[in-house]
Amino acid sequence: MNALPAPRLRPSPPILLGRGLGFFALWLALIGTAPADWPFGLVAAAAATWASTELWPADGGLSFSGLARFVLRFLPQAVIAGTDIARRAMAPRITLKPGLVGYRATLRPGLAQGAMCAVMSLQPGKLPVSCQASGDMLIHCLDTGAPVTAELAADEAAFLRILQGGRDHG
């Protein structure tokens, strides 16, 4: 006897509307607010909303307060890390200890783990070069003497506050 697959949960219309407005707002932020461009933005937002119904877990959600806290944490860190890299590059004696550092993420494999790797790659001085389904990551960093794993754990904790469902997010 073959078991029928469980029906896929679909987001409710208010959730789809919120996603669509969010995608449209992102489009406006990236492209600009010229009214002549809005039809293209609406089509792009509709396509992104449709894609999100296929790719985003039906029971997953985002915490806007977690997202705001993450952005407020991430932006100053990026500036500080970029300044540190520039300082090291301009120093008469380069004080770099480049190398690879291992880190085990606690997120389940899937979109959330991939998104966390992508966000980590935006931080100057740290670049994930391998993200395994087991959660094992290999991070290239410019200073292996720095507390990289502690920073990554704090980054992951901040990232988890964005996801409703936390570590169970797939």
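A helix here is a DSSP run of H or I at least four residues long, and helices are numbered from the N terminus. The model in these views is predicted.

**View A. Helix 3 packs against helix 5.**
Helix 3 covers residues 64–90, and helix 5 covers residues 148–160. Two packed helices are described by the angle between their axes and by the distance between those axes. Here the angle is about 150°, and the axes lie 9 Å apart. The crossing of helix 3 and helix 5 is left-handed. Helix 3 brings Phe70, Arg73 and Gln77 to the contact. Helix 5 meets these residues with Glu151, Ala154, Asp155, Ala158 and Phe159. Sorted by class, the contact has four nonpolar, one polar and three charged residues.

**View B. Arg73 and Asp155 form a salt bridge.**
Side chains of opposite charge can pair when their charged atoms come close. In this pair, the closest N and O atoms are 2.7 Å apart. Arg73 sits in helix 3 and Asp155 in helix 5, so look for the two partners on separate helices. How many salt bridges does a search of the whole structure find? The search finds seven.

**View C. The largest cavity has a lining that includes Arg73 and Asp155.**
The count comes to one cavity of 30 Å³ or more. The volume of the largest cavity is about 80 Å³. Phe70, Arg73, Phe74 and Gln77 are among the lining residues. Helix 3 gives the most, with four residues. By class, the lining has six nonpolar, two polar and three charged residues.

**View D. The second largest pocket takes lining residues from helix 3 and helix 5.**
This pocket has a volume of about 340 Å³. Its lining is made of 16 residues. Ala81, Asp84, Pro124, Lys126 and Glu151 lie nearest the centre of the pocket. Helix 3 and helix 5 each supply at least two lining residues. Which helix gives the largest share of the lining? Helix 3 does, with six residues. Eight of the lining residues are nonpolar, three are polar and five are charged. Find Glu151 again from View A: this helix 5 residue is also part of the contact with helix 3.

**View E. Leu100 lies in strand 2.**
Strand 2 runs over residues 99–104. What does Leu100 touch, not counting residues up to four places away in sequence? The partners are Val129, Leu138, Ile139, His140 and Thr144. Lys126, one of the residues nearest the centre of the pocket in View D, gives a distance to check. The C-alpha atoms of Leu100 and Lys126 are separated by 9.5 Å. Along the chain, Leu100 and Lys126 are 26 residues apart.

Definitions and conventions. Residues are numbered from 1 along each chain as its sequence is written. This is a predicted model: local features need pLDDT of at least 70, side-chain atom pairs count only at pLDDT 80 or more; totals for chains, interfaces and linings use all residues. Side-chain values use heavy atoms; hydrogens and water are left out. Axes are lines fitted to C-alpha atoms, for helices over the stretch in contact, and angles run from 0 to 180 degrees between N-to-C directions. A crossing is left-handed if the near helix is turned anticlockwise from the far one by less than a right angle, and right-handed if clockwise. Contact means heavy atoms within 4.5 Å. Ala, Val, Leu, Ile, Met, Phe, Trp, Tyr, Cys and Pro count as nonpolar, Asp, Glu, Lys and Arg as charged, and the others, Gly among them, as polar. On a 1 Å grid over the protein atoms alone, a cavity is a set of points where a 1.4 Å probe fits but cannot get out, and a pocket is an open set with protein on both sides within 12 Å along at least five of seven lines; lining residues have an atom within 4 Å of a point. Grid points are joined across faces, edges and corners, and a volume is the space filled by probe spheres set on the points. A salt bridge is a side-chain nitrogen of Lys or Arg within 4 Å of a carboxyl oxygen of Asp or Glu.
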